[in-house]
Every structure is written in C-alpha cells, then in structure tokens.
Amino acid sequence: MALVALMVGSATSAWAQAAPAAITVTSPTLKTNETIPKDHTADGRNLSPAFAWTGAPAATKQFALVFDDPDVVFGGQTFVHWVIYKIPGTATGLAGELPMGATLTDPAGAIQGPSGFRQMGYRGPAPPPGKPHHYTFTVYALDAELPLAEGLNRNALMEAIKGHIIGQGALVAIYERFPPKQ
C-alpha cells in the first residue's frame with residue numbers, strides 16, 4: 001500500500017494513502033456525457049455494459065466497480081445500481097451482459113453485491129421523468145487480494161477497500177425518462 005507522511009514543519013504528524021493513479025475507463029457502448037443506450041436501462045433489456053480500463057498501477061491485485069446515480073440521494077448516500085468486486089488484478093475490463101447472481105465465473109472469482117434494488121447484479125437506470133440523471137461507473141484498482149465476502153453493498157465494500165485504492169477512474173453517462181404523452 002502506498003503511504004506518504006504528512007509533514008507539519010519538520011515533524012511527521014500522520015500517515016495517509018497517496019493519491020490514486022488515474023485509470024482511463026471506456027466502453028464500446030457508453031460514451032462520456034452521452035445517453036446510455038436503452039438496452040442498458042430498465043426501459044430496455046437491462047444488460048450490463050462492457051468496460052475496458054487502462055492505466056492501472058503495476059501493483060494492482062484486484063479491481064472493484066461501483067455504478068451509482070449521484071442525482072438520487074437516500075439517507076445521505078447516492079443510489080447504487082451495481083457493485084462488483086474481487087475482479088482479478090490482471091483484468092483489463094469486463095464483458096457485457098453479465099448474469100445476475102453473486103458469484104461470477106467470468107471473470108473468475110468476481111462477486112456482485114446488492115444494488116439499491118436489493119438484487120445481486122446489474123440494474124440499469126430507471127430515473128423518474130423530468131430531468132437527465134448522471135450515472136457514474138467508477139473502477140478502483142486495489143493493492144491487495146482482499147478476502148472480500150459475498151453480499152457486500154457499496155458502503156461495506158468502500159469500507160473494506162479503504163487504504164487499498166491505488167488507482168481510480170470513472171465514466172459518466174446520462175439517461176433521462178420523459179413524461180408520458182397525453
């Protein structure tokens with residue numbers, strides 16, 4: 001784990017994790033600040049998109065991905081659409097159309113946690129009509145093969161990986177539902 005000393009005058013006052021390296025996150029079907037295709041939404045087939053990432057530090061042992069909607073906040077937390085973790089550190093992305101359920105066989109050993117809909121796996125955008133929502137897919141590179149159990153929601157995952165994030169990147173796309181025509 002990369003740690004740096006915080007200096008106050010000439011004395012070391014605390015230890016903090018170094019800023020994570022920048023990871024570039026891309027998708028063949030999602031583009032930054034563009035509309036999420038209907039197939040990846042609750043209005044379509046609700047299929048998880050494929051992702052690729054570059055720029056992860058060489059010391060990466062695992063990845064995690066969190067997909068949330070910062071335009072919807074419940075109890076001080078953004079609404080979560082997908083949590084997937086224990087992705088092998090050798091991975092350079094995720095295939096699309098991953099099945100529902102906790103444990104995945106591809107990538108081997110990866111685990112999907114519960115979304116805000118209380119289901120294990122991807123659940124696409126389904127905002128109320130009225131304004132576009134910004135959906136954030138964040139990839140975290142971790143410096144250890146953490147023994148993460150099944151069933152971690154976003155909050156539990158973020159607590160478990162605290163101090164182990166050595167790289168981070170995000171892709172933000174939008175989706176909007178329109179009121180029914182009268």
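Colleague: How many bridges join strand 10 to strand 11, and do the two run parallel or antiparallel?

Modeller: Strand 10 (residues 133–142) and strand 11 run antiparallel and are joined by ten bridges. Strands (E, at least two residues) and helices (H or I, at least four) are DSSP runs numbered from the N terminus. This is a predicted model, where local features need pLDDT of at least 70 and side-chain atom pairs 80 or more, while totals for chains, interfaces and linings use all residues. Numbering starts from 1 along each chain as its sequence is written, and side-chain values use heavy atoms, without hydrogens and water.

Colleague: Which residue of strand 11 does F137 stand opposite?

Modeller: F137 stands opposite L171.

Colleague: And in what sense does strand 3 pair with strand 11?

Modeller: Strand 3 (residues 21–22) pairs with strand 11 in the parallel sense, over two bridges; pairing requires at least two DSSP bridges. A22 has Q168 of strand 11 as its bridge partner.

Colleague: Why is strand 11 largely enclosed?

Modeller: Strand 11 covers residues 165–175, and eight of its eleven residues are buried, so the rest of the structure largely encloses it. Buried is under 20% relative accessible area (1.4 Å probe, protein chains only).

Colleague: New topic: which residues line the largest pocket?

Modeller: The lining consists of F74, Q77, T78, F79, V80, P114, S115, G116, R118, N153, R154 and N155. Strand 7 (77–88) and helix 1 (154–161) are the elements that each give two or more residues to this lining. A pocket is an open set of points on a 1 Å grid over the protein atoms alone, where a 1.4 Å probe fits, with protein on both sides within 12 Å along at least five of seven lines; lining residues have an atom within 4 Å of a point.

Colleague: Which element gives the largest share?

Modeller: Strand 7 does, with four residues.

Notes
Buried < 20%, exposed > 50% of the residue type's maximum accessible area, 1.4 Å probe, protein only.
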